[in-house]
Amino acid sequence: MLKILLPTAMLLPTALLSHQKLLWTNTTAHSLLIATISLHWLLPTYYPHKNLTQWMSTDQISSPLLVLSCWLLPLMLLASQNHLQHEPPIRKRIFITTLITVQPLLLLAFSATELMLFYITFEATLIPTLILITRWGSQPERLSAGIYLLFYTLISSLPLLVTILYLHTHIGTLHLTMLKLSHPTLTNSWTDLLLSLALLMAFMVKAPLYGLHLWLPKAHVEAPIAGSMLLAALLLKLGGYGIMRLTLLIGPLPPHLHYPFLTLALWGALMTSSICLRQTDLKSLIAYSSVSHMGLVIAASILQTHWSFSGAMILMISHGLTSSMLFCLANTTYERTHSRILLLTRGLQPLLPLMATWWLLANLTNMALPPTTNLMAELTIMIALFNWSVLTIFLTGTATLL
Amino acid sequence: MAAGPPPPSASEAYRPNRFVSLPAELDPNTYDSSLEKRAADAERLAIRARLKRQYQLQLNNPNPPAIIENPALVRWAYARTQNVYPTFRPTPKTSFLGALFAIGPLVFWIVAFKADRDRKEKLIQEGKYERPFSVF
């Protein structure tokens with residue numbers, strides 16, 4: 001764990017002190033090295049929590065996400081080089097520093113064993129993202145996008161903070177292993193219902209769930225490419241990961257909670273897929289398809305069966321990679337045509353054939369084409385949902401079609 | 001001169017059939033159209049010619065702009081993306097439509113899922129539900 005965290009922290013002075021000519025190569029190369037080293041987390045293990053220190057551990061839920069976050073940093077650096085070309089060097093350094101600060105916070109968040117540490121890093125990842133969006137976005141609407149992002153997440157996570165503190169005083173510890181061993185404290189009373197709701201809401205907004213997803217298209221459209229990639233791949237997964245961790249605390253969700261959430265998630269997947277068909281802006285199209293996929297993830301996380309959790313995990317990883325790819329492609333289209341209007345991309349294939357090929361591949365993986373992992377994930381989730389109730393197949397089938 | 005109705009004109013006599021479509025010269029929409037239609041056509045053509053001239057001017061400019069944009073397209077995109085909420089006002093019609101299409105399906109699906117799961121639960125309680133064979 002330390003051999004990843006220390007190099008990641010040392011990337012900061014690398015970014016700030018490298019020679020101007022070597023800035024991008026240094027940071028990209030070193031972050032690639034860190035990404036390669038991080039692969040060892042994926043080794044299978046029968047321990048419930050591997051790499052145990054008192055505050056951080058990895059298990060099968062968090063290690064793929066940790067590897068994903070390490071892998072995305074070099075990709076983000078590569079993608080941002082073009083639009084930062086004409087900035088003065090100090091601004092380039094600050095941009096890279098902002099990107100790099102997210103990395104250790106995310107690593108801490110995904111590997112945290114204490115709920116409080118998870119909460120702190122969960123909120124802390126917001127700040128560099130906010131800086132990225134409001135400072136380096138390119139349209140004047142980025143201010144409203146930043147406000148939406150900030151306040152949606154903060155309003156929903158304040159109850160989370162209160163609930164975590166209450167749980168701490170009640171149970172005495174917030175360590176995940178201890179929580180698994182302690183007796184579930186929740187009954188069917190209204191107080192405990194509100195407790196579970198408070199715990200889940202922050203992650204529902206982050207994930208995002210259909211009714212609370214308004215911040216996402218704004219944030220994605222206004223963010224610079226690195227910000228979009230970061231958001232899509234990692235921050236959404238924080239929401240899904242949080243739900244998966246917390247549902248062990250809450251146990252089987254009371255029906256007052258899980259019916260609305262499941263329905264919102266599934267219907268939302270359908271709705272946002274259809275909204276995609278009416279979008280003018282390329283990036284908001286990708287943003288809405290992100291909401292749709294994450295809706296499936298939320299539905300699977302609420303279900304809490306073995307298959308649904310595996311499906312949710314695989315979908316989170318594959319969606320992270322696919323969404324980042326789509327946003328990168330949208331960015332290269334934008335760089336070459338200076339417009340994000342979808343209509344104008346007509347006729348690009350003879351002009352830019354390689355990019356059109358990548359677009360095709362990315363769209364195919366987004367649609368869960370056979371040998372990709374997206375398909376495995378969608379199928380697993382659909383089967384798990386079908387087991388829950390036969391009627392879900394209507395919703396998931398139509399959503400897959402769309 | 002023959003009395004009675006005049007002989008049919010060419011456009012009336014020659015109707016399109018399975019083998020031949022109606023040529024433009026015999027179609028009353030495109031030939032011999034009224035003065036108003038022709039004036040409107042000329043106006044549209046003039047607008048299009050102006051736009052094409054603007055485009056050609058910018059294209060052949062020795063210091064060309066970075067991007068030749070179409071202001072109508074920009075306005076259209078703005079109206080579709082960013083001008084929706086500022087031009088929205090809650091009226092009885094929109095609130096009814098909102099309730100119907102936004103909350104209606106959710107309530108419908110919640111009721112549907114609950115009914116289905118209750119039915120399954122009842123069957124399980126009564127012992128009538130056959131568990132399907134598990135692959136694990």
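Analyst: Buried means under 20% relative accessible area, exposed over 50%, and partly exposed in between (1.4 Å probe, protein chains only). This is a predicted model, where local features need pLDDT of at least 70 and side-chain atom pairs count only at pLDDT 80 or more, while totals for chains, interfaces and linings use all residues. Residues are numbered from 1 along each chain as its sequence is written, chains are lettered from A and ligands numbered from 1 in the order in which they are written, and side-chain values use heavy atoms, with hydrogens and water left out.

User: OK, so is A:C328 buried, exposed or partly exposed?

Analyst: A:C328 counts as partly exposed, at 23% relative accessibility. A:C70 is buried, at 0%.

User: How many disulfides are there over all chains?

Analyst: Zero, from a search of the whole structure; a disulfide here is a pair of cysteine sulfur atoms within 2.5 Å.

User: Switching to chain B. What span should helix α4 have there?

Analyst: Helices are DSSP runs of H or I, at least four residues, and strands are runs of E, at least two, numbered from the N terminus. The expected span is 1.5 Å times one less than the number of residues, so the 34 residues of α4(B), 92-125, should span 50 Å, and the end C-alpha atoms are 47 Å apart, which agrees.

User: Where does α4(B) bend?

Analyst: At B:G104, by about 35 degrees, with a proline, B:P105, following within four residues. The bend is the angle between axes fitted to the seven residues ending there and the seven starting there. B:P105 is also one of the buried residues of α4(B), as is B:W109.

User: And what comes after that helix?

Analyst: B:G127, with a positive phi near 85 degrees.

User: Back to chain A. Which non-glycine has a positive phi?

Analyst: A:Q304, at about 60 degrees. A:Q304 sits in the loop between α13 (282-303) and α14 (306-337) and is partly exposed at 28%.

User: What does A:T247 touch?

Analyst: Not counting residues up to four places away in sequence, A:T247 touches A:S301, A:Q304 and A:F309, with contact meaning heavy atoms within 4.5 Å. A:T247 is in α11(A), residues 225-250, and is buried at 3%.

User: Which peptide bond is cis?

Analyst: The one from A:A207 to A:P208, with omega near -20 degrees. A:P208 lies in the loop between α9 (190-206) and α10 (215-222) of chain A.
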